[in-house]
Structure formats: structure tokens, C-alpha cells
Amino acid sequence: MKYLPWILALFLLVNGCNEDLGNYDYDYDNAPRLIIDTTGTDKTFVWGAWNIGDTVRVALNVTYPGREANLVYRWFVIDYPYQTVTVGNAQVWPAADTISRDRDLEYIVDLKPGRRFALYFMARDTVNGVSVFYDIFGYKVIPEAGAINGIYCLQEKEGRVDIDVIGSVRALVIGGDHHEVDYYSSLHPGDPLTGAPRVFEYSTTGRYFYIFTDDVGLRVSPTGMTIMEQWEEMFYSPPLYRPQAVIGVNNCDFLVNDGKLHVHYIQSAGERKFTVPIPGDYNLAPFLASRTIATSAVLPEAISAYQILYDRAGNAFRPFFNRGVSIGRFSESAGDAIFDVNNMPGEVVYANTVNGSETMIVSRDAGLYNMHVACFYNVADDGHLARYTRPLAGCEGIANATCFASGLAGPALFYGAGNRVHSYSYTTGQTASNLLWEGDAAEEITALCLLGTGGFPTSGRILWIAAWNPVTQQGRLVEFEINPVSGVAEALYAPMFSGIPDNPVYHEGMGKVLLMTQRY
């Protein structure tokens with residue numbers, strides 16, 4: 001059973017007081033437990049996609065012996081992630097949207113297209129005031145008309161640049177078995193993409209794509225891939241075009257360009273403009289954190305930075321705070337710290353937010369590779385931000401790795417080297433890497449993409465591998481269900497819910513896929 005952040009629960013309880021029958025002479029010691037679960041229920045609409053106009057039916061098991069007549073029910077949705085919004089000079093929690101007050105949900109979907117939401121069920125005893133909340137799924141997104149869910153693959157193909165979109169029955173939150181070939185050029189026949197791919201990302205905050213190649217920088221709507229702005233239009237004063245990375249998190253889009261940070265505050269009134277470069281003597285690497293601020297059980301002394309950055313000039317990880325006019329610094333590391341986040345050992349070659357809250361760092365020092373793990377999420381800046389160091393001497397081919405992938409669902413790292421994909425997990429005690437997949441002798445791994453944490457139960461468990469054969473000039477996408485903790489292939493949930501037993505699944509007819517992003 002899963003619970004909302006206490007502040008939302010308090011909000012709902014307060015609003016439910018007008019239903020209280022006022023009987024306070026109640027035998028609490030002998031009251032039965034109020035239990036909600038999904039055992040044996042139809043999960044079609046729990047795991048599957050919701051579309052405008054669908055009639056969604058969800059029934060839960062509610063067990064409350066002898067007291068069910070006391071219960072009232074509420075099904076409600078909230079934005080995901082659930083965060084405070086600014087109203088005047090105050091930060092307030094948005095109200096939940098009630099969609100039903102019946103025990104079983106039967107609802108014609110009428111939510112805002114593009115909205116990312118979580119669904120909750122509440123059962124409340126009107127006699128004693130006891131309430132239980134049940135989180136139905138992690139989150140879903142209502143598809144927009146003319147927009148397609150899938151893995152978007154930016155690729156070089158037959159001397160040009162284009163985007164293919166791949167569906168996935170295995171990734172339940174995406175769904176479908178479609179393959180939209182040359183999707184971008186089919187919508188822009190007179191204005192195709194040109195130039196080698198640099199950055200390709202779907203912003204879950206702004207709900208649009210950033211497409212940056214050597215020749216062009218675009219912000220693109222998922223509806224018909226309509227061009228919203230070109231590079232010069234994203235700024236009040238456009239900087240030199242050298243994009244390195246972009247991510248949407250904490251209701252902001254963060255852009256690293258030419259080593260400098262630009263921020264687009266989504267809630268701010270304006271014209272979707274990035275700020276001028278945040279001032280300071282720093283040179284950022286293309287690593288941006290995907291989770292930095294806790295929304296429940298928050299420590300009063302938590303760092304709560306809006307972004308965590310790696311500064312190559314100082315060889316240090318550094319925080320950036322909301323509306324900051326400079327890049328911050330962490331406190332001096334304690335003498336007994338496992339490593340110093342202000343002076344990282346070796347050269348950082350990869351970093352990402354993983355395992356719910358930790359930061360995984362792969363570094364190279366005098367030809368040797370190590371993994372360092374720190375935590376900047378919901379912790380105090382007390383000099384002990386470092387957690388682990390693991391030698392990677394047993395990780396086959398990591399010195400020749402051309403791409404990496406990891407995610408919030410677990411501690412596993414995936415990397416492509418030559419025609420092989422390997423994995424390593426820092427929590428299993430292993431000293432050598434796992435061989436996950438090996439392509440044909442002439443193939444080379446060009447990109448990896450790991451499903452995000454939306455869409456339980458396969459959230460964080462689907463890995464896409466892009467392989468390219470320069471001899472045949474053919475590419476393909478290899479789709480695995482993996483265990484995000486151990487990093488090994490594990491067809492566990494996909495066969496159970498999608499009926500696909502094979503692991504892996506192959507998508508043929510691709511070009512040379514260099515960058516992938518996901519929209520669902």
C-alpha cells in the first residue's frame with residue numbers, strides 16, 4: 001500500500017470533515033483494519049494507456065469487516081510530480097481533482113491532453129475518521145491529438161538525418177507496436193533536418209522536444225512535430241551555438257551550452273525564453289540531474305538544489321538553487337569522507353541520477369576506471385555526500401565504451417563497447433561486468449536508452465540498444481526487459497502483462513541511431 005505525502009493527506013482529511021458523522025464514542029481498540037489491494041482484479045486500465053474519451057474501469061478490493069457501511073470513497077488525480085505552486089507570494093499545494101465518489105471507478109477520460117498525472121483512491125470511515133489512500137499507478141500522461149508515444153530515435157540514414165518512432169507493447173506505458181519511419185521528414189518534407197545530431201531530449205516539464213544538430217537548434221511540439229522556436233528565438237540574447245545537454249526537472253528546463261548553464265522557468269510569464277548564462281568561473285560537463293528535491297518526508301536541512309552540476313574547471317559537483325544568480329558550492333568534505341565531491345578523483349566520464357536518489361559517477365584516473373556514488377537528494381550538506389567507491393577493473397571493455405545508460409529504478413549501469421552491451425551494479429557485490437547482449441561481428445553499439453520510472457510494473461525495466469552495421473549500412477533497435485538492480489536480462493513483468501515472452505525483441509530497418517529520447 002502506498003501513501004500520499006502527508007501534506008496532501010492532511011488537505012484531503014480537512015476537506016472531508018464535512019462528511020464526519022460526529023460519533024466520537026468509538027471503540028478504536030477493537031476496530032478492524034481497513035485494507036485496500038488489487039489482488040485478482042482486472043488491471044487493464046491500471047497498466048495500460050489512457051486516451052481522451054476512453055471509458056476507464058478500475059475496481060479494488062476493500063476489506064473492512066463489519067464496517068463497510070461507514071465508508072465513503074473518492075478517486076482523484078493530481079499532477080505528477082506533485083509540487084507546490086506560487087500563488088501571489090505564497091507556495092501552496094494544488095487541490096486534487098475528484099473524478100468519482102463511487103467504490104468502483106467508471107470514468108470517461110476528460111483530462112487535459114499532455115497532462116502528467118497520478119491517480120489515487122481513498123476510503124474513509126465517516127464514524128472514526130480513519131482514511132486509507134492507495135496509489136493506483138506511478139503516473140500516466142494523457143496523449144495529445146496528433147502526438148505519438150514511443151522511443152524517438154534521431155539517426156543518420158541514407159545520407160540524411162531523420163527521426164523514427166518505435167512503439168513498445170513491452171513498455172506498457174508506451175504501448176503499441178508501431179514503427180513510424182522517417183517521421184520528422186514526413187511532416188516536414190520541404191524542411192528536413194541536417195547536420196550531425198548533438199542533443200535530443202523530450203522535456204517532461206515543457207512537454208516538447210529539443211532537437212540540436214550541428215546545423216540547427218529547434219524546440220518542437222509533439223503534436224505534428226510542429227516547430228515552436230528556433231535557437232535564436234529561445235533566448236533574449238542568443239549565445240554562441242554549442243549545446244551539450246538539456247533536461248526538464250523541477251518545473252524548469254536546464255540547458256548546458258558552451259559549458260554554461262541557462263534556465264527556462266516554465267511557470268514564469270514570458271515567451272519560453274532561457275535566461276542569460278548563469279555568471280561565474282565554471283565549465284560544465286553535459287551531466288544534469290533528473291531528481292534533486294524530495295516532496296515527502298523532507299529533511300528540514302535537506303540541500304534541495306534545483307540542479308546538480310559537474311564543473312570540469314573545478315573538478316567538482318556543484319548545486320544550483322532556484323532563481324540563483326550563481327552556481328553554488330558544497331561544504332568542505334569531512335576528513336573521513338570516502339571521496340571529495342569538491343575535488344573528484346580522476347576525470348569524470350559519465351554521471352547520472354540513479355537508484356531513486358543517488359548520483360552514479362564513472363571516472364578515469366591514470367587509465368583505471370572507478371565508480372563513485374554520492375547522494376545530493378534529501379540529505380544535509382554535512383561533508384558526507386560521498387557513499388561508495390567501486391573499482392571497475394573487472395568491467396570488460398569499459399575503456400572503449402561509446403555510450404552509457406542508467407536510471408532511477410535501480411543501481412545498474414549499462415554500457416556499449418564494440419558490438420557488446422555490458423552491465424554492472426554497485427549493490428550486488430559483483431567485481432566483473434555482465435554480458436547482456438552481443439551483436440554481429442561487424443555491428444557497433446551507437447546508443448542506449450532506459451525506460452523512465454513511469455508505467456509500473458515495467459517502469460525502469462526496458463532497455464533499448466541501437467546497433468549499426470557499417471558494412472550493410474543497416475541499423476536495428478534491440479529491446480530488452482532487464483532487472484534494474486542486478487542489470488541482467490529478466491523477462492518478468494512483460495510476459496505477464498503484455499503477453500510477449502521473447503527477450504529481446506528486434507526492430508529492424510533503422511538507420512544509424514545516435515540519440516534516443518522517450519515520450520509517454
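Okay, a word on terms before the tour: helices here are DSSP runs of H or I with at least four residues, strands are runs of E with at least two, and both are numbered from the N terminus. By that count, the chain has four helices and 37 strands. Its radius of gyration, taken over C-alpha atoms, is 24 Å, close to the 24 Å that the globule rule gives for 520 residues, so the chain is as compact as a globular protein of that length. That rule is 2.2 Å times the number of residues to the power 0.38.

Quick caveat: this is a predicted model, where local features need pLDDT of at least 70 and side-chain atom pairs count only at pLDDT 80 or more, while totals for chains, interfaces and linings use all residues. Residues are numbered from 1 along each chain as its sequence is written, and side-chain values use heavy atoms, with hydrogens and water left out.

Now the whole chain. Along the principal axes, the C-alpha atoms fill a box of roughly 75 × 55 × 50 Å. Of the 520 residues, 53% count as buried, and by buried I mean under 20% relative accessible area, with a 1.4 Å probe and protein chains only. Contacts are heavy atoms within 4.5 Å; among those between residues at least 6 apart in sequence, 59% join residues at least 24 apart.

Let's zoom in on leucine 255. Where does leucine 255 sit? You'll find it in strand E20, residues 252–257. Leucine 255 is buried, with a relative accessible area of 0%. Leaving out residues up to four places away in sequence, leucine 255 touches a list that includes Phe212, Trp231, Phe235 and Phe274.

Next stop, strand E31, residues 420–425. This one is mostly covered, with five of its six residues buried. Which strands does E31 pair with? Strand E30, residues 412–417, pairs with E31 in the antiparallel sense over six bridges, and pairing takes at least two DSSP bridges between the strands. Across that pair, leucine 413 stands opposite tyrosine 424 in E31. The two strands form a hairpin with two residues between them, and glycine 418 in the turn has a positive phi of about 65 degrees. E31 also runs antiparallel to strand E32, residues 434–438, joined by four bridges. There, valine 421 has tryptophan 437 of E32 as its bridge partner.

Notes: Buried means under 20% relative accessible area, exposed over 50%, partly exposed in between (1.4 Å probe, protein chains only).
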